[in-house]
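Reader: I would like to learn how to read a ligand site and a pocket. Please take them one at a time.

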Amino acid sequence: MSRIEQLIGAMTLGEKLGQLTMTAAPYAVTGPFVAGDISAGIKSGAIGNLLNLYGPDTVAKTQHLAVEETRLGIPLLIGLDVIHGHRTLFPVPLGEAAAFDPALWAATAHAAAREAAADGVHLTFAPMCDVCRDPRWGRIVEGPGEDPFVGAAIAAAKVAGFQGSNLEGIAACAKHFAAYGAVTAGREYASTDISARTLQEVHLPAFAAAVAAGVATIMPAFTELGGVPMTAHKELLTDYLRGELGFEGVIISDYNAIAELMHHGVAADLAEAAALALQAGIDIDMMAGAYGSGLPIALERGLVSLAQVDAAVRRVLILKERLGLFKDPYRGVGVEAAEIVAQRRVLARAAAAKSAVLLKNDGGVLPLAKPRRIALIGPLGDAAEEMRGAWAAAAPMTGCVSVVEGLRAALPDTKIDHAKGVTIDGGDTIGIAEAVTLCDGADAIILCVGEAANMSGEAASRAHPHLPGLQQALCDAVFAAAGTRPVITLLFSGRPLIVPALAEKSAALLAAWFPGSEAGNAIADLITGKVSPSGRTPISWPRATGQIPVFFGERNGGRPFNAADHYTSKYLDSENTPLFVFGHGLSYGRFVFSNLRLSAATLTEKGALTVQVDVANDGARAAEETIFLFSHDKVAQVTRPLLELKGFGKIALEPGARGAVSLTLRGTDLRFPGPRLTPWFEPGEVEICVGTAADRTRLLTATITLVAQ
Ligand code: NOJ
């Protein structure tokens, strides 16, 4: 008999439920309450897993309790939200999505996993796979942006990066399954109610990709979907995830989510809540105490069976075994070599630079040619702590490089004067006049504005996703003082902000998101031209709150926009298009595309073809460009989005150089959920559109014909 079956045979019900329980230690606070003393629970076997514990000594001491002082000596599984780095912070996920670089996505996950493993962490609650088209939702910062193809690509890269090929890294957790990003009105924890088609086309692909990449665990969303809380959603957790996708790993509830089934109104007491969750397929109860105290009653009432409990325990023990915890409960724990820590900072700097999106650069104001004096104005100019962004895991409050520090290090001969002017969200204008005087005689004026780190992330929805506080007043005063001199704006945020006036008046606008530990150095690299910006926005930037959701994957509708026809789809008071479209982003090069060619004019479901385009850098600086491949099925049995992303690639070119980008398109890429929502491949013509952003007017287009086998 295997070790796991022997253990299950030897365990009491209490010990089994302990293996299905995950309790929060107090080293990080990520929920409404934490547990008290956990030692007694560990020793009795009532707590088999922890979250929010890290640090070599703390973990070793705690693990020792489980291994040496419990009856069966089963090691603890320890999880933590290692979302965009552990102690070293990379850019927030939405920012990193802008890099459109799967190798980078995997590399930062790998580096974070190593750092977390040395701190005793076995499991991260990442990647967050929630596609979202609503910038009001604060958790948009943790995800891939608006597009399901990008979501799937990031999910696959992150799972590989965190876990390694055989879980030699740390276990990943694809969350929050599913459609959390579609919460009503972008309001955190609100319900979701979307069509089965939208669920399949938009919200499930990233999870399917995570499962295909071998993700070890999955976390259901707090939310309900069409009347069924995800924590109790048997059809999606068991029938779809385990049945259709073949997921064999562990499903972990979100924080207290099983008890919240009572608030949802589907369970009358904790026993019913526990039974619903176990029946649905949830193995581990995070912080609800529902399995520990509710399942014994549910068993007595006949709501669940012992075989169901055993099946969940088996999955948890298999994960512990796969992670090597039975062999070495202290796996990976230790102090890292200084060289590894330093290399991680190098990666963080490169990742932050690759994630920033240059939204505007009129007259080539950037990069700056060695200015004598810079006026650096705004509340984010010297705000090292804010650079951490939401979910700063175990990173200390100090240790991030601020913008002013980065610029001073990069430009030692330049005098850099800084003033905040206003606080991020304060109501006081008193500092504006003094800050504005810095513009006198400055040969470069840089505004540093945006959100605070805690204005996005969990429980951080915003009904007015604009510049907070009185920052717009500060900006207006700076624009007035600058006169005809160009103003460069660095914008920090965990979401696309609604900033049409700022975008109009700034000569250059750089969306830096929250760049992490190396923020200031990476920004200095971009501003001085040491690195050419290469980020592309993974999300549309609305012009107005009333436009939300605005995204490129819209459908045409029966009365598509026509300026000349009143009875068509439009606003009376806004354009339909976003301020900045998905994929938009400038570099210091000037790229020209031509000669779109396809290796075949027809494609079968099992076939593939190559899409190629020539690219030239006619600018004066080396730079990198991103090429997107979209499709559009004009006539099908169900309507198709106006553009669907099917691939992307990058090309780096020296000034004056030319090259080509090749992307593969498979017949299966052009399948979609058919009239009955089963995979569907419909013969007929499909447009293939290639270019640098999801903007029809900037795409090269060819047509292929899909043919039956
Ligand atoms: C609640 C969040 O929704 C989830 O993303 C996180 O992993 C858990 N808390 C644990 O901190």
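Reader: What is 2.6 Å from an oxygen atom of the ligand?

Author: A polar contact is a pair of N or O atoms within 3.5 Å; within protein, one must be able to donate a hydrogen and the other to accept it, and residues adjacent in sequence count only if both atoms are side-chain atoms. Here an N or O atom in the side chain of Thr 30 is 2.6 Å from a ligand oxygen. For Asp 81 the distance from such a side-chain atom to a ligand oxygen is 2.4 Å. The model is predicted: local features need pLDDT of at least 70, side-chain atom pairs count only at pLDDT 80 or more, and totals for chains, interfaces and linings use all residues. Residues are numbered from 1 along each chain as its sequence is written, and side-chain values use heavy atoms, without hydrogens and water.

Reader: How is empty space found?

Author: A probe the size of a water molecule is rolled over the atoms, which shows where empty space is left. On a 1 Å grid over the protein atoms alone, a pocket is an open set of points with protein on both sides within 12 Å along at least five of seven lines; lining residues have an atom within 4 Å of a point. The second largest pocket has a volume of about 910 Å³. Its lining holds 30 residues, and among the closest to its centre are Glu 554 and Leu 642.

Reader: Why does the second largest pocket lie between two domains?

Author: Domain 2 (351–547) and domain 3 (591–706) both contribute residues to its lining, so the pocket lies between them. The domain bounds come from an automatic or database domain assignment.

Terms used:
1 Å grid on protein atoms, 1.4 Å probe; cavity = no way out; pocket = protein on both sides within 12 Å on 5 of 7 lines; lining within 4 Å. Points joined across faces, edges and corners; volume = space filled by probe spheres on them.
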